Amino acid sequence: MPLELIKEVNGVPEVELLSELNKVDFRSLQPGCDYSKKYIQGKLSIISSLTSGGNRTAVLKIALQEQENSDSDINTINVLFFGKLAKDCAKVFYEGDTIAVAGFSVLSASSSTGRDGKHCLFLKAFEDFRSTVYVYVKSVRDFSTESMSLVPTTHYIYTPLNQLKGGTIVNVYGVVKFFKPPYLSKGTDYCSVVTIVDQTNVKLTCLLFSGSYEALPIIYKNGDIVRFHRLKIQVYKKETQGITSSGFASLTFEGTLGAPIIPRTSSKYFNFTAEDHRMVEALRVWASTHISPSSTLVKLCDVQPLQYFDLTCQLLGKAEVDGASFLLKVWDGTRTPFPSWRVLIEDLALEGDLSHIHQLQNLTIDILVYDNHVQVAKFLKVGSFLRIYSLHTKLQSVNLENQATLLALEFHLHGGTSYGRGIRVLPESNSDVDQLKKVLESADLTAGQCFDGICQSEHEDSFRSLSSSGSVSLYEVERCQQLSATILTDHHYLEKTPLCAILKQKAPQQYRIRAKLRSYKPRSLLQSVKLHCPKCHALQEVPHEGDLDIILQEGATKIPDTKLQNTSLYDSKMWTTKDQGERKVAVHFVKNNGILPLSSDCLILIEGGTLGEIYKLANKFHSVIPVRSGYEDLEVLDLSVPFLIQGKVHHYGCKQCSTLRPIQNLNSLVDKTPWIPSSVAEVLGIVPLQHVFVMTFILDDGTGVLEAYLMDSDKFFQIPASEILINDDLQQSMEMIMGMFCPSGTKIDAYPWLECLIKSYNVTSGTEQQICYQIFDTTVAEDLI
Ligand SMILES: [Zn+2]
């Protein structure tokens with residue numbers, strides 16, 4: 001049909017007719033091209049009345065405004081409809097409608113259609129040309145024409161996760177393996193991260209954004225099943241990922257076999273067919289045998305020190321502690337193995353039923369939530385049911401008034417969203433809430449009123465067993481024997497060797513050990529990042545910004561040579577600054593086959609720029625190379641400064657191993673943009689340095705203490721050393737890992753075990769020979785992250 005209406009529900013088209021056709025941006029329209037299989041889409045901004053053209057053909061003229069690329073020069077275009085199509089459209093169109101036109105021709109206007117000479121194109125559409133017009137309507141309008149049909153709702157096709165292709169928009173089903181509850185991202189949008197898996201065993205991580213919290217998937221735990229409609233698939237850093245596209249919609253279901261299949265969604269309109277029912281059932285059956293049930297949900301009676309877990313609980317009280325932290329008093333009807341710490345606040349500040357809280361005090365715990373979670377906590381209603389994700393416990397000794405010491409459990413919800421940290425309110429209808437209510441009703445409020453120092457003995461016992469020399473409580477032994485916070489990636493055949501035996505043997509050898517991290521150096525994680533040359537193995541410090549600035553200032557004293565400007569490789573521009581000594585700055589814009597690319601794709605070479613100027617340019621352009629004028633060509637400035645800057649990432653080269661080659665060699669790369677650091681280094685004769693973590697671990701397994709050296713770019717911590725300097729989240733993750741390995745304020749007995757591979761080697765310094773040890777083929781356990 002030449003005119004089709006597509007029903008929109010909540011701004012989302014019920015069917016996608018246009019997925020087979022290619023959409024064209026307004027700015028790329030050109031006269032004379034074939035647009036029979038393409039379409040444009042925009043908002044109807046102007047509609048003129050129906051007129052008669054030559055030989056009495058009806059003509060309808062409209063203006064469409066492109067919703068995307070609104071910053072583009074060309075974001076509105078005129079469309080002329082002819083004949084019957086014009087008449088039909090005139091009955092249907094309203095200003096503000098979203099309209100797509102498929103199959104049209106582009107003409108260039110003869111005279112004054114555009115004011116500035118840019119908007120001089122218009123489109124022509126008529127039935128004979130097989131033009132089709134799609135109008136997105138919110139409800140069925142009261143009209144009809146012969147050439148119009150209301151498209152019926154069709155069946156959705158779901159793509160298995162092993163068949164996803166970048167650049168497509170798909171519908172998928174999957175079981176949740178990991179998720180971050182919605183959080184306010186840097187803009188005003190909410191963000192949620194969800195990793196799903198399906199029967200093909202392929203995982204897909206989705207980054208979901210929405211202006212409203214409710215529109216994001218309502219996931220309560222790993223194992224829930226989700227249905228995503230209109231998920232855009234893209235490939236980022238070689239990994240396929242899903243992101244929200246316009247009209248994204250989701251349903252979430254409980255993943256438990258046999259549980260009623262009730263979709264969770266904030267949308268009032270969604271279609272759910274018998275086939276959907278079967279899809280959910282099939283995923284539940286598959287998940288029941290292929291995915292281990294969520295082990296992160298823990299009851300308070302099973303909580304251990306130094307644990308990260310998810311808690312289902314009821315909120316009894318809350319109080320603001322300071323701007324950066326907030327107190328939640330919660331219970332789940334069971335009692336923690338150690339008493340909860342008590343956060344000091346004024347009774348007045350506490351919102352909640354004080355007498356109720358007092359009555360339940362041996363069953364309530366105090367949780368401190370930080371940073372981004374404070375805002376969420378403020379709005380929680382006392383009495384509501386919560387799930388708190390990735391809650392962290394620490395064991396602290398507390399001095400009581402009667403001189404006794406007591407071990408108390410601290411509960412923290414750290415800032416950020418790593419590891420899915422967050423809080424979610426569970427509805428009363430949730431089956432876990434149902435169970436929780438039963439436990440709360442039958443909770444024994446009178447049992448063990450131990451918390452006011454009346455009967456400390458039980459807890460003192462456990463304290464003594466932890467702290468008395470050499471003897472560790474049974475409970476701790478059990479825990480430590482089971483877990484290792486690291487895993488081996490190879491050499492599993494090696495038998496464990498005690499450290500005391502290793503210390504007696506000659507090098508070189510390889511060992512498998514199991515030890516605790518007594519301490520580590522350097523304590524400041526950022527100091528552990530160094531630059532390593534893979535060729536000569538030299539290690540060097542990452543230069544300070546101040547040092548970079550000085551080297552750049554020295555480079556700026558040389559005046560750019562005008563002979564080297566405007567070559568076939570680049571266009572040049574020179575400025576004289578107004579600062580000290582009228583510094584000259586030259587910027588060379590590298591062309592792609594004679595044409596200047598968009599700034600986001602463009603490599604620039606800069607002569608005489610300061611660090612601040614280079615940073616500013618690096619924000620705007622794809623890549624920046626600091627250079628100076630040589631005799632015959634521009635040269636890389638000095639390998640003490642980065643040879644390439646991309647955004648905030650600095651790429652350094654080895655001074656010893658590099659043999660610099662002329663800048664003109666970049667010519668061989670202009671076709672192969674984007675500018676890949678390793679390729680740029682190669683053509684310029686530079687051996688690139690690698691960012692690595694260099695640390696010393698002091699390991700202790702009870703039989704001996706051994707210092708082992710760790711040098712890692714991204715394998716051990718699963719965190720790229722090159723990015724940690726510029727990424728707060730990664731710094732936090734790293735601190736979290738080290739805090740877990742080597743928790744402060746706790747006895748080493750409670751530290752986790754680390755299973756590691758180490759190799760010994762001989763180091764000669766002067767006449768002395770020494771055996772050193774290095775950690776290799778070991779990685780932080782995935783469930784720790
Ligand atoms: Zn080197």
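**Chatting about a zinc site and some strands**

Q: Is Cys533 buried or exposed in this predicted model?
A: Cys533 counts as buried, because its relative accessibility is 0%, and buried means under 20%. Keep in mind that the model is predicted.

Q: OK, and which protein donors does the zinc ion have?
A: Cys533, Cys536, Cys654 and Cys657, each through its SG atom. They lie 2.2 to 2.3 Å from the zinc ion.

Q: What arrangement do those 4 donor atoms make?
A: It's tetrahedral, because the angles they subtend around the zinc ion run from 105 to 117 degrees. The ideal angle for four tetrahedral donors is 109.5 degrees.

Q: What spacing do the donors follow along the chain?
A: The pattern is C-x2-C-x117-C-x2-C. Cys533 sits in the loop between strand 26 and strand 27, while Cys657 sits in the loop between strand 34 and helix 11, so this pair ties together parts that are 124 residues apart in sequence.

Q: And Cys657, buried or exposed?
A: Cys657 counts as buried, because its relative accessibility is 16%.

Q: Switching to the surface: which residues make the nonpolar patch?
A: Leu526, Leu725 and Ile726 make a patch of about 220 Å². Leu526 is in the loop between strand 25 and strand 26, and its relative accessible area of 40% makes it partly exposed.

Q: New topic: how does strand 9 pair with strand 7?
A: Those two run parallel, with 5 bridges. One of the links has Leu80 partnered with Lys124 in strand 9.

Q: What about strand 8 and strand 9, parallel or antiparallel?
A: Antiparallel, joined by 4 bridges. There, Leu107 has Phe122 of strand 9 as its bridge partner.

Note on methods
Residues numbered from 1 in each chain as written. Predicted model: local features only at pLDDT ≥ 70, side-chain atom pairs only at ≥ 80, totals over all residues. Heavy atoms only, no water. Donors = N, O, S within 2.8 Å, 3.2 Å for Na, K, Ca; no water. Tetrahedral: all angles 85-135°; square planar, octahedral: opposite > 155°, others 65-115°. Buried < 20%, exposed > 50% of the residue type's maximum accessible area, 1.4 Å probe, protein only. Patch = residues over 30% accessible without salt bridge, like charges linked within 9 Å, V, L, I, M, F, W, Y side chains within 5 Å. Areas by Shrake-Rupley, 256 points an atom, 1.4 Å probe, with all protein chains shown as cover. Salt bridge = Lys/Arg side-chain N within 4 Å of Asp/Glu carboxyl O. Pairing = 2+ DSSP bridges.
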